[in-house]
There are 2 protein chains.
Amino acid sequence: SQTFLSNMSAQAILVYGGAGALGSACITFFKEKGWKVISVDLVANELADTNVVLSVTTSWNEQSRQVLEGVSSFIGNDKLSGVISVAGGWAGGNAAAEDLIASADLMWKQSVWTSVISGQVAAAHLAPDGVLCLTGARPALGPTPGMIGYGMAKAAVHQLVKSLAGAGSGISQDATVTAILPITLDTPQNRKYMPNADHTTWTPLTVVAEYFLEWITSPKDKRPKSGSFVALVTENSQTKLVAHE
Amino acid sequence: SQTFLSNMSAQAILVYGGAGALGSACITFFKEKGWKVISVDLVANELADTNVVLSVTTSWNEQSRQVLEGVSSFIGNDKLSGVISVAGGWAGGNAAAEDLIASADLMWKQSVWTSVISGQVAAAHLAPDGVLCLTGARPALGPTPGMIGYGMAKAAVHQLVKSLAGAGSGISQDATVTAILPITLDTPQNRKYMPNADHTTWTPLTVVAEYFLEWITSPKDKRPKSGSFVALVTENSQTKLVAHE
């Protein structure tokens, strides 16, 4: 670990969900720019400099321990410039749905376990002026009666962003804590299942990665406001940020 | 179950957390008024007409099944006028706290498991014009950097209230879904640990029970707006409601 950032111009990020569509795109993008990357996911991303590979059957506490130990053993006392969590999932279901509990439990694990562990990584290893970016959901800014479990999990992530940006959270007040609110991402899976949709309203994955790089390498006043969320709104193949507080 | 509401003037409520300080006060109050009461908790409330006694070690899905079966076997096709969840707990801890995961997990189970199961009971058994009231927290309307897990769980409960009030939630649009936001309740435990506090700013438990009765027996336009929250603000031993949307 002593030589991890021996090239002092190299910067490092952690991508939670680094084997998924958006996570992979981020890792590919940051590697092309010469960054060191730690991936956390259920499977390894071979482009990453190191991987923390978790099992879906292990407890929240155990996953937390594995991630914190993995990061610590890899970077030692160096700091991460960014911690990005793009892990998550989606499930519908209202209060009368047979599988409400199962879907709410899954949403909690996929979105909240990952986000909280990312917050722990940031508290322990993020540079004082670094960026922690989680993944929220614009629908959860309002009622979500047809997707109860998803809405609760994302509302919890939004609360986490607000809390981690606050004084005394354990994360430096010079850091930026935010969340992206994706609308529809232009992933292979979405292309497969929605072949006839208007793809000019979908957000390309590389565009998201570019925003992450821009935020991480900018001073705080050029970033999203800490404690706020930014929707990624794509129209006519152009993506703009819409702030939500 | 055929004779449960054989006296057709009797109305019935469910109190989730019926063995706790506030839950017990509610059950005592409603029993004095001649109501039928179902209590759900980890121990029985002997004043209740029936109890669903859960084990802290059983899964969310199993607790849900036990509660739904217990309610169904007791009331059959009759309807509940109110479902009140006053279960919950409190734990502090920021992102650097050693026990963050343990406390966030506990908060989720104590507040969210109970609230979601209450929502399932309401979807299956609440009268179309009934009241579902959960327990939120005023601090979780803003950042909670020193109590990360508590804030996430309560933000999820707030989201649940908004969602369950929405069209398509599985609960009648003629029902009212709300949450109380208690400040400090005048419980024996709070008296014990804060003997020198100003008790004239604490909310008496019977006052909360009186509000529940008032809401349940009032037409919808005299109740808190469905999907909103009401803080219980007590000053000079007088309690007033402050609406939060």
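Me: Which residue of chain B comes closest to the rotation axis?
Reply: Ala156(B), at 2.7 Å by its C-alpha. A caveat before we go on: this is a predicted model, where local features need pLDDT of at least 70, side-chain atom pairs count only at pLDDT 80 or more, and totals for chains, interfaces and linings use all residues. Residues are numbered from 1 along each chain as its sequence is written, chains are lettered from A and ligands numbered from 1 in the order in which they are written, and side-chain values use heavy atoms, with hydrogens and water left out.

Me: What rotation superposes chain B on chain A?
Reply: One of 180°, with 0.0 Å of shift along its axis and an RMSD of 0.0 Å. The two copies are thus related as by a two-fold rotation axis.

Me: Helices next. At what angle do α1 and α6 of chain B pack?
Reply: About 55°, with the axes 9 Å apart. Helix α1(B) covers residues 21-32 and α6(B) covers 205-216. That makes α1(B) oblique to α6(B). Angles under 35 degrees count as roughly parallel, over 145 as roughly antiparallel, 65 to 115 as roughly perpendicular and the rest as oblique.

Me: Which residues of α1(B) make the contact?
Reply: Ala21(B), Leu22(B), Ala25(B), Cys26(B), Phe29(B) and Phe30(B). On α6(B), the partners include Leu205(B), Val208(B), Phe212(B) and Ile216(B). Contact means heavy atoms within 4.5 Å.

Me: How many nonpolar residues are in there?
Reply: 12 nonpolar, with one polar and one charged.

Me: Now chain A. How do the axes of α2 and α3 cross, and at what angle?
Reply: At roughly 35°, with the axes coming within 10 Å. The crossing of α2(A) and α3(A) is right-handed, meaning that the near helix is turned clockwise from the far one by less than a right angle. Among the contact residues are Trp60(A) and Val67(A) of α2(A), and Trp108(A) and Trp113(A) of α3(A).

Me: Switching to strands. Where is Ser85(B)? And is Ser85(B) buried or exposed?
Reply: Ser85(B) is in strand β4(B), residues 80-85. Ser85(B) is buried, at 1% relative accessible area. The cut-offs are under 20% for buried, over 50% for exposed, and partly exposed in between, with a 1.4 Å probe and protein chains only.

Me: What does Ser85(B) touch?
Reply: Leaving out residues up to four places away in sequence, Ser85(B) touches Tyr16(B), Thr114(B), Ser118(B), Cys133(B), Leu134(B) and Thr135(B).

Me: Over in chain A, where does Thr135(A) lie?
Reply: In strand β5(A), residues 126-135. Thr135(A) is buried too, at 13% relative accessible area. Beyond four places in sequence, its contacts include Ser85(A), Lys154(A) and Pro182(A).

Me: How far is Thr135(A) from His158(A)?
Reply: 8.6 Å in space, C-alpha to C-alpha, and 23 residues in sequence.

Me: Last one. What is the phi of Ser237(A)?
Reply: Positive, about 65°, although Ser237(A) is not a glycine. Ser237(A) sits in the loop between β9 and β10 of chain A. Ser237(A) is partly exposed, at 47%.

Conventions:
Axes fitted to C-alpha atoms, helices over the stretch in contact; angles between N-to-C directions. Helix = DSSP H or I, 4+ residues; strand = E, 2+ residues; numbered from the N terminus. Nonpolar A, V, L, I, M, F, W, Y, C, P; charged D, E, K, R; others polar. Least-squares fit on C-alpha atoms with pLDDT ≥ 70 in both.
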